[in-house]
Amino acid sequence: MNKAEFIEKLSKELDISKAEAGRHLDKIFKCIATSMKDNDELRFTGFGSFKAKRTEAKEVKTPKGTMAKVPAQRRISFSVGSDFKAIVNEK
């Protein structure tokens, strides 16, 4: 399923237009991203948790054998919640 298909499903579930559902979904994604900008963790009980971890700048070897610099950055990971997992696994 891609974003357009998800928006169509969401619009039917909420009984709103696809355009309005798309705007709401985009706002939710933006809100999650801006929340993670200022925080290291964002938890939705039952759904899951977003966690940010800082990585240091480092040099890595490329497949061609040259060295490349990777800047320091925050890596975001997502851990699935118990309710979400139960629905997906039909338990």
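Two strands count as paired when DSSP finds at least two bridges between them. Helices (H or I, at least four residues) and strands (E, at least two) are DSSP runs, numbered from the N terminus. This is a predicted model, in which local features need pLDDT of at least 70 and side-chain atom pairs count only at pLDDT 80 or more, while totals for chains, interfaces and linings use all residues. Residues are numbered from 1 along each chain as its sequence is written, and side-chain values use heavy atoms, with hydrogens and water left out.

**Stop 1**

Together they make an open sheet in the order E1-E2-E5, with antiparallel pairing. From one strand to the next the twist averages 15°. (Axes are lines fitted to C-alpha atoms, for helices over the stretch in contact, and angles run from 0 to 180 degrees between N-to-C directions.)

Strands of a sheet pair through backbone hydrogen bonds, either parallel or antiparallel. Pick Arg 43 and find its bridge partner in E2, Ser 49.

**Stop 1: Ser 49**

Is Ser 49 buried or exposed? Its relative accessibility is 15%, so Ser 49 counts as buried; buried means under 20% relative accessible area, exposed over 50%, and partly exposed in between (1.4 Å probe, protein chains only). Show its surroundings: leaving aside residues up to four places away in sequence, Ser 49 touches Glu 41, Leu 42, Arg 43, Ser 77, Phe 78 and Ser 79. Contact here means heavy atoms within 4.5 Å.

**Stop 2**

Select 18-38, helix H2, which lies across E1, E2 and E5 and runs at about 135° to E1.

Which residues meet where H1 and H2 are in contact? From H1 come Lys 3, Phe 6, Ile 7, Glu 8, Leu 10 and Ser 11; from H2, Lys 18, Ala 21, Gly 22, Leu 25, Asp 26 and Phe 29.

Zoom in on Ser 11 in H1. With 5% relative accessibility, Ser 11 counts as buried. Beyond residues up to four places away in sequence, Ser 11 touches Ile 16, Ser 17, Lys 18 and Ala 21. Move to Phe 29 in H2, which is partly exposed at a relative accessible area of 46%. A distance drawn between the C-alpha atoms of Phe 29 and Ser 49 reads 14 Å, and the two are 20 residues apart along the chain.

**Stop 3: the hairpin of E3 and E4**

Select 58-61 (E3) and 67-70 (E4), antiparallel strands joined by four bridges. Glu 59 stands opposite Lys 69 in E4. Five residues lie between the strands of this hairpin, where Gly 65 takes a positive phi near 95°.

**Stop 4: Ser 82**

Finish at Ser 82 in helix H3 (residues 82-88). Ser 82 counts as exposed, at 54% relative accessibility. Its C-alpha atom is separated by 5.4 Å from that of Gly 46, 36 residues apart along the chain.
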